[in-house]
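This report describes the sheet of a protein model, the helices packed on that sheet, and the nonpolar cores.

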Amino acid sequence: MKTILISEGDPTSINYELMVSAFPLLQSLGKRHRIYFIRGPHNLTVPSLPNLTRPIDAPGFYSLPWSDSKKSRNFILGKPSKTSGRMAYDSLLAAMDWQKELGADLITLPLSKEWVGKAGIKGFRGHTETLAEYYKRPTFMMMSGEKLNVIPLTTHVPLKDVVKELKKFSWKELSKALLRSRFLKNPKIAYLGLNPHAGEGGKIGDEELTILAAGVQILRKAKFSVEGPLSADSAFLPGGFAYDLYLAGYHDQGLIPFKLLEGKKGVNITLGLDFTRLSPDHGTAFDIAGKGIADPTGLISCLERLTET
């Protein structure tokens, strides 16, 4: 039996619609696992979902409320605010606190970095970075789908800072995280060139010959099979993929082809932690929140991946 926590993300997003759509699966999984939905004090709910405060060892699927005050906020779907951004961040903190207490796995529903920032949270870059800071562990974002796994070596940084970030990248920690991952066993790895045509042997930049080559040697010393650099413009052509994992130099280099090829079934897996954290591969979709058209495929994929391992 697994213990699974789900953080609510931004309550004004599509997240509550996703929970309602996935409710039959959640009820079914609740017969074999303990599942808790971490939500803040507000007016939005998942119908028929029982609230639970203490004890937290009841079987099934429950809402686990937290509160920083007795005041409940009123939110409208599709109308984010500083308050909803703050509550999304605080719900994440509450979920991580519960994770430590329960030794649980974690699914994080989408929040808005923009509105978390507007709420006064300084330096917030995303879930992956917050998890790294909270648990004091290097973390790595792996986008995982039915056919494709991609790790961007730099995540939420401006393009102008990519090379600087790559110079600081910890290949040793990535190696350790890959060895511990339950989702990859002896993966065949390829890495993408940072420059057009993988630099053409140094004619269009030398990062492939310097930064990336040095890092890849660390992976090879750890007995990983690694090939590259591949030219990024042809690495993801349809017709099958020769590698279990692709290392991309920066966020969009890896995530654009991943999202095009995997669609809503892709999930975000955080490597480097002592537990499993997953998230749907989509955003808050404030523009369609409350319209009843949100697709729960990403959340369902997270639940299926988490409970099959």
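## Terms and model

Two strands pair if DSSP finds at least two bridges between them. Strands (E, at least two residues) and helices (H or I, at least four) are DSSP runs, numbered from the N terminus.

The model is predicted: local features need pLDDT of at least 70 and side-chain atom pairs count only at pLDDT 80 or more, while totals for chains, interfaces and linings use all residues. Residues are numbered from 1 along each chain as its sequence is written, and side-chain values use heavy atoms, with hydrogens and water left out.

## The sheet

Eleven strands form an open sheet with mixed pairing, in the order S3-S2-S1-S4-S11-S10-S5-S6-S9-S7-S8. Strand S3 (60–65) and strand S8 (225–230) are at the edges with a single partner strand each, so one side of each has no neighbour in the sheet.

Strands S5 (residues 140–144) and S10 (residues 267–271) run antiparallel and are joined by five bridges. Opposite Phe 140 stands Leu 271 in S10.

## Helix on the sheet

Helix H9 (residues 251–262) packs on the sheet and touches S5, S6 (149–152), S7, S9 and S10 (contact means heavy atoms within 4.5 Å). The direction of H9 makes about 20° with that of S5; axes are lines fitted to C-alpha atoms, for helices over the stretch in contact, and angles run from 0 to 180 degrees between N-to-C directions.

## The largest core

A nonpolar core is a set of buried Ala, Val, Leu, Ile, Met, Phe, Trp, Tyr and Cys residues joined through side-chain atoms within 4.5 Å. Buried means under 20% relative accessible area, exposed over 50%, and partly exposed in between (1.4 Å probe, protein chains only). The largest core has 74 residues, of which Ile 6 and Leu 247 touch the most other members. Helix H3 (residues 82–102) gives the largest share, six residues.
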